[in-house]
Amino acid sequence: MRNGITFFLGLFCALGLSWGALVVGTRSQYAGIKPHYDDNEGDNFPQRPAGVAARGQLVYQDLGCAACHTQQVRRPGIGSDKERGWGDRQTVARDFLYEARPQLGTMRIGPDLANYAARAEPAGMIPDRLLAYLYNGHGGMPAYPFLFEKRKIAGERAEHALKVRTEAGYEIVPTGRANDLVAYLLSLNHKYEFPEAQPATHDKGEEGEKK
Amino acid sequence: MITTSTTAVAAEISDIDVSARRPLLYLIGSGLLWLVVSGIFAVINAVQLHTPEFLAHCSLLTYGRVHAAQETAFLYGWAGNAGVAIALWLLSRLGLTIFRGAVVATLGGVFWNIGVLLAVAGILIGDATSFPGLELPTYTHWLLLVSFGFMAVPGVLAWSGRKHETAFAAQWYALAALFLFPWFFSIAEVSLFLAPGRGTAQSVIAAWYAQNVYSLWLAPIALGALYYLLPKISAKPLPHYEFASLGFWTLIAVACWTGPRVLVNGPVPAWIPTLSIAAAAVVLMHFWIVWLNVRGVFATGGSVVLKFAAFGFASYLLVGIADAVFSLRSVARVTQFTYMQDALTALALIGSITLIFFAAIYYIAPRLCGRAWPSSALVRAHFAAAIIGFVVLVVALAVAGWVQGQALNSTASFADIAARTRPWLLVATAAQALLLIGNLLVTFHFLKIVACPREEAAALTFRTPVAMEASAS
């Protein structure tokens with residue numbers, strides 16, 4: 001390698017190729033993804049997250065929830081994502097179209113949360129109960145007491161105070177961050193159907209994933 | 001005539017080390033301190049995995065935040081500092097030039113460490129981004145990028161002022177690392193923060209970036225060190241050296257395609273992980289060629305430098321094979337989302353990168369300080385702690401990951417999975433603690449060698465004749 005210029009040009013091209021495909025190529029393909037208009041519902045899906053849920057996603061990111069929870073469901077037949085009730089179909093790129101920072105995650109120390117709201121409702125996970133889980137911890141999940149404020153009851157007990165055990169004369173009140181986080185968790189639901197998320201009818205495997 | 005030229009060159013080589021002394025000792029020292037910091041975070045994390053309530057009341061130390069802080073301190077604190085020091089030293093030594101730009105590099109190093117400190121503190125108060133490998137809070141990015149540019153200046157000067165027109169393999173690797181990091185870092189900066197891609201395009205770009213940190217930045221520095229140290233210490237030329245450039249270009253051109261394989265089965269267009277899985281198989285070519293070149297590292301005994309290098313190189317090869325095997329869809333359906341990923345990260349970072357960097361530091365520091373390491377007992381203790389800790393950690397996490405993956409694919413409850421993996425996670429915690437002890441020992445030993453006065457007699461023995469320098473490749 002005598003020639004410095006050739007060397008640098010080589011480096012430039014080598015990284016440039018993968019940059020062109022994986023960064024520029026991916027971005028231009030994503031630029032073409034459009035929301036899906038559902039005739040039955042008369043609306044476009046996915047829908048933009050409500051402001052409070054978008055704020056909650058920032059709390060989710062700041063606490064590092066994605067270190068233990070994924071938000072991506074594999075298609076039925078791979079693992080037991082469907083059997084565990086995490087989702088009837090795989091998640092696809094279009095599901096995350098409007099998310100500022102998709103929290104796909106890489107580890108399943110806790111359950112997948114991609115469709116958390118869909119199973120929370122039938123299980124009776126009202127916001128109060130979810131807040132109590134966050135305050136006390138639940139199963140393997142640690143408590144997040146710093147999302148709550150412990151304060152002396154002045155006059156009457158606050159309406160939104162948690163129904164958890166604490167010192168007499170005190171009450172536990174969720175902070176705005178706790179409420180945002182819960183609103184975010186209870187908004188996670190990919191309930192609509194996309195053509196590309198349908199399982200392949202013939203047993204070719206990969207077809208269902210393609211755009 | 002011969003004698004004079006040898007003496008002149010010997011003096012020159014020694015001058016290289018004298019001129020490089022302050023900046024490189026500063027970079028290696030701060031790297032080691034970051035390694036200890038990252039080790040403390042790693043122990044906290046390991047305890048939290050089997051005892052989730054550990055330190056949970058403290059908002060600074062949630063599992064996710066500590067995890068990100070640990071990764072950042074390790075990659076940018078330890079590997080960044082030490083890696084740049086090793087790359088600069090290789091380039092000056094092989095370019096046979098006086099270390100120019102020492103002040104600029106030191107200044108860059110100071111600001112780089114301020115940047116990493118800000119980043120770790122920022123992560124603990126919740127400013128981390130959500131991209132693995134790039135958790136650095138956004139406000140530290142430009143500081144880190146600019147200070148990296150300053151740190152790399154002596155490397156560029158040593159390259160342009162090199163005495164041999166033909167460059168050695170160690171020089172290609174070191175220079176490529178210095179050149180490619182700022183480039184792919186700024187691409188990630190633009191595509192993830194300034195003009196973020198839509199939805200999960202960000203996940204693809206982040207996976208591409210994270211792979212590049214390993215394959216195009218840290219691994220080339222480690223390989224450069226291997227290509228330099230082995231012929232230097234064994235005093236034999238490398239076999240099949242004519243293939244070395246092919247090995248180099250396979251790594252640079254193909255490894256950067258392998259990142260998004262972690263998104264297999266994920267919500268991204270299917271061609272992306274498929275291409276990455278194929279690339280992970282193609283890049284095996286690179287591992288085969290470096291094995292042909294550097295396998296002599298397994299044959300030589302005695303020198304602690306080569307012992308570290310041998311373990312590091314063995315894990316480097318294993319990383320290549322493991323990346324190809326564990327990216328296969330049939331294997332990934334079990335190991336995806338499990339501790340197996342942590343085991344592979346440990347194999348890559350604590351194994352190949354850290355062990356080879358240790359080899360280089362054990363070789364470089366005595367030359368910079370002009371004296372031998374003060375205590376051979378400390379060297380042996382560190383070696384034992386580093387190797388035992390590393391092997392036990394990787395095995396424990398791999399078994400935990402396999403158990404966890406099998407259980408996740410059944411309908412076992414999460415309490416059940418936690419109970420089944422708990423014994424292995426306890427072993428992993430012990431391994432992390434052992435690694436931390438080893439890192440404390442080497443940091444203490446390093447501070448000691450820096451503080452001790454030079455030994456002129458010892459310094460003379462390091463002045464190797466130019467023939468050795470040339471046989472480096």
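Predicted model: local features only at pLDDT ≥ 70, side-chain atom pairs only at ≥ 80, totals over all residues.
Colleague: How many residue pairs are in polar contact between chain A and chain B, and which helix gives the most to the side of chain A that touches chain B?

Modeller: With both partners at pLDDT 80 or more, the count of residue pairs in polar contact between the two chains is 28. On the side of chain A that touches chain B, helix H1 (4-31) and helix H2 (51-63) of chain A each supply at least two residues. The helix that gives the most, with 20 residues, is H1(A).

Colleague: What is the area buried between chain A and chain B?

Modeller: The contact draws 69 residues from chain A and 81 residues from chain B. The size of an interface is often given as the accessible area lost when the parts come together. Here carbon and sulfur atoms give 65% of the area buried between chain A and chain B, which is about 6,300 Å².

Colleague: Which helix gives the most to the lining of the largest pocket?

Modeller: The largest pocket holds about 1,100 Å³ of space and is lined by 44 residues, with A:His69, A:Gly110, A:Pro111, A:His138 and A:Met141 nearest its centre. Helices of both chains each supply at least two residues of this lining, among them helix H4 (127-136) of chain A and helix H1 (2-50) of chain B. The helix that gives the most, with seven residues, is H14(B).

Colleague: How many charged residues does the lining of the largest pocket have?

Modeller: Sorted by class, this lining has 29 nonpolar and 11 polar residues. The charged residues in the lining of the largest pocket number four.

Colleague: Where does the largest share of the lining of the second largest pocket come from?

Modeller: About 500 Å³ of space lies in the second largest pocket, whose lining of 26 residues includes A:Gln47, A:Arg48, A:Pro49, A:Glu99 and A:Ser187 nearest the centre. By class, that lining has 14 nonpolar, seven polar and five charged residues. The largest share, five residues, comes from H2(A).

Technical notes: Residues numbered from 1 in each chain as written. Chains lettered and ligands numbered in written order. Heavy atoms only, no water. Contact = heavy atoms within 4.5 Å. Buried area = accessible area lost by both parts, 1.4 Å probe. Polar contact = N/O pair within 3.5 Å; in protein donor to acceptor, adjacent residues only side chain to side chain. Helix = DSSP H or I, 4+ residues; strand = E, 2+ residues; numbered from the N terminus. 1 Å grid on protein atoms, 1.4 Å probe; cavity = no way out; pocket = protein on both sides within 12 Å on 5 of 7 lines; lining within 4 Å. Points joined across faces, edges and corners; volume = space filled by probe spheres on them. Nonpolar A, V, L, I, M, F, W, Y, C, P; charged D, E, K, R; others polar.
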